[in-house]
Amino acid sequence: MPDMPTREKLLACVREMEQANEPININKVADKCGVSHSLIYNRHPDIKGMINDLKKKQKADIQVEQ
């Protein structure tokens, strides 16, 4: 990812993973952005919530498909 503030980088990763329908969790977002998962937990609790909500939505969508 190009140089951009960490928050914007995290949000871009979340959007990218959502659009690609890529399974998401906090560790995957952190790895993709090159940050620690604890940074998301401690500094960006709203993004943590967004990731967890998306993860729940993905699980629900999988159950509906089955």
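These questions and answers cover the fold and salt bridges of a predicted model. Local features need pLDDT of at least 70 and side-chain atom pairs pLDDT 80 or more, while totals for chains, interfaces and linings use all residues. Residues are numbered from 1 along each chain as its sequence is written, and side-chain values use heavy atoms, without hydrogens and water.

Q: Which residue of helix α1 pairs with aspartate 46?
A: A salt bridge puts a side-chain nitrogen of Lys or Arg within 4 Å of a carboxyl oxygen of Asp or Glu. Aspartate 46 sits in helix α4 (residues 45-65), and its partner lies 39 residues away in helix α1 (residues 6-19). The N to O distance is 2.4 Å, and the partner is arginine 7.

Q: Is lysine 32 buried or partly exposed?
A: Buried means under 20% relative accessible area, exposed over 50%, partly exposed in between (1.4 Å probe, protein chains only). Lysine 32 has 33%, so the residue is partly exposed.

Q: Which residues form one network with Lys32?
A: Lysine 32 meets glutamate 16 at 2.8 Å. Lysine 32 lies in helix α2 (residues 26-33) and glutamate 16 in helix α1, so the pair ties together parts 16 residues apart in sequence. Lysine 32 also bridges to glutamate 22 at 3.6 Å, N to O. Shared partners join Lys32 with Glu16 and Glu22.

Conventions
Helices (H or I, at least four residues) and strands (E, at least two) are DSSP runs, numbered from the N terminus.
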